[in-house]
Amino acid sequence: VTKIGVLTSGGDSPGMNAAIRAAVRTALYYGLEVFGIYRGYNGMIEDEIVQMDSRSVANIIQRGGTILKTARSKEFYNEEGRKKAYANLVKRGIDGLVVIGGNGSFTGAYKLSQEFGLPCVALPGTIDKDLYGTDFTIGFDTAVNTAVQCIDKIRDTADAHDRLFIVEVMGRHAGYIALHSGIATGAENILIPEEETTIEEVIASLSEKEKRKKLVNLVVVAEGHSSGGANGVAEILKANLPNLDTRVTILGHIQRGGSPTCLDRLIASRMGYHAVESLLEGRHNVMVGILNNAMHYTPIEIAIREKQRLGDDWMKMVKILAS
Ligand code: F6P
């Protein structure tokens, strides 16, 4: 590998810039040429590719978003699109690729490696933490800390009015943001897709708390929960618990922005550095993760296919701590 391309793809996440910076500077250290590919796979197709130097990544480690921009590319699903994209890499002699993103972005990298033999390394960049083979994904810690700050604020006003608040957090099909932010804010109920709490159980626990005159209640619901999110939950709870004064807050894209936490900057830096080391050492077509504080390399096709499993004791703990 002598010339590498770097791109961010899918939903942005805080810390992507730190990962870009680490990959670019490590590559330059080893004498490689580095190219930034803009707007994910769209920019690869449209030839939005720019050579980078050390200064291109100055003053970005603390910034959210991604300086390379990002997109979810439909055209890249077609072989035609991928051929066009690959031709743009060949034109510049790019012979290695670092892809920072989530599951969909990994699929693009896998296709490139399979169809053209292009060495690819994937970095887990998503606030959802829904990837196999890593304890951390770039952006999760920042997103979950943002959610915690917001929910703490909601608790203040909930307390002042003795209200029930249903707070919806992101996560797509995964409940990690809900689980972590819910535990950290002492939520009475946490609704996640991985281990579904029925709405009947929520009603039972809230009416029991109502009897005990426990009036501040927080329910954190993952957007991917089968209830259809916070509005769906609120509708049922209002009908069943008319005495409770219920409000809904949907945190939304606020969870995607902001300056990355120390942890996100650190893991992004480690992963970006090891992505280039991997390309140079011939460890190709892997996702670079961190497990038990050590770097861990999962073949991309396994990272795409497998799901992270939630440990058994989480929801039991949630119930005990919120009682
Ligand atoms: O994957 C990150 C994420 O923020 C999910 O949590 C959410 O479901 C989705 O992206 C939102 O996508 P968009 O920004 O395209 O609305």
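User: What makes the largest pocket a pocket, and what is its volume?

Analyst: On a 1 Å grid over the protein atoms alone, a pocket is an open set of points with protein on both sides within 12 Å along at least five of seven lines. The largest pocket has a volume of about 950 Å³, where a volume is the space filled by probe spheres set on the points, joined across faces, edges and corners. Please keep in mind that this is a predicted model, where local features need pLDDT of at least 70, side-chain atom pairs count only at pLDDT 80 or more, and totals for chains, interfaces and linings use all residues. Residues are numbered from 1 along each chain as its sequence is written, and side-chain values use heavy atoms, without hydrogens and water.

User: Which residues line the largest pocket nearest its centre?

Analyst: Of the 40 lining residues, G102, N103, G104, D130 and R172 lie nearest the centre. Helix α4 (residues 103-116) gives the largest share of this lining, 6 residues. By class, the lining has 9 nonpolar, 17 polar and 14 charged residues.

User: How do you know that the ligand sits in the largest pocket?

Analyst: A molecule sits in a pocket if more than half of its atoms lie within 2 Å of the pocket's grid points. The ligand sits in the largest pocket, so more than half of its atoms pass that cut-off.

User: What surrounds the ligand?

Analyst: The surrounding residues are R72, I127, D128, M170, G171, R172, E223, H253 and R256, where near means that a heavy atom lies within 4 Å. This shell divides into 2 nonpolar, 2 polar and 5 charged residues.

User: What is the volume of the second largest pocket, and which element gives the largest share of its lining?

Analyst: The second largest pocket has a volume of about 210 Å³. Its largest share of lining, 4 residues, comes from α7.

Key: 1 Å grid on protein atoms, 1.4 Å probe; cavity = no way out; pocket = protein on both sides within 12 Å on 5 of 7 lines; lining within 4 Å. Nonpolar A, V, L, I, M, F, W, Y, C, P; charged D, E, K, R; others polar. Helix = DSSP H or I, 4+ residues; strand = E, 2+ residues; numbered from the N terminus.
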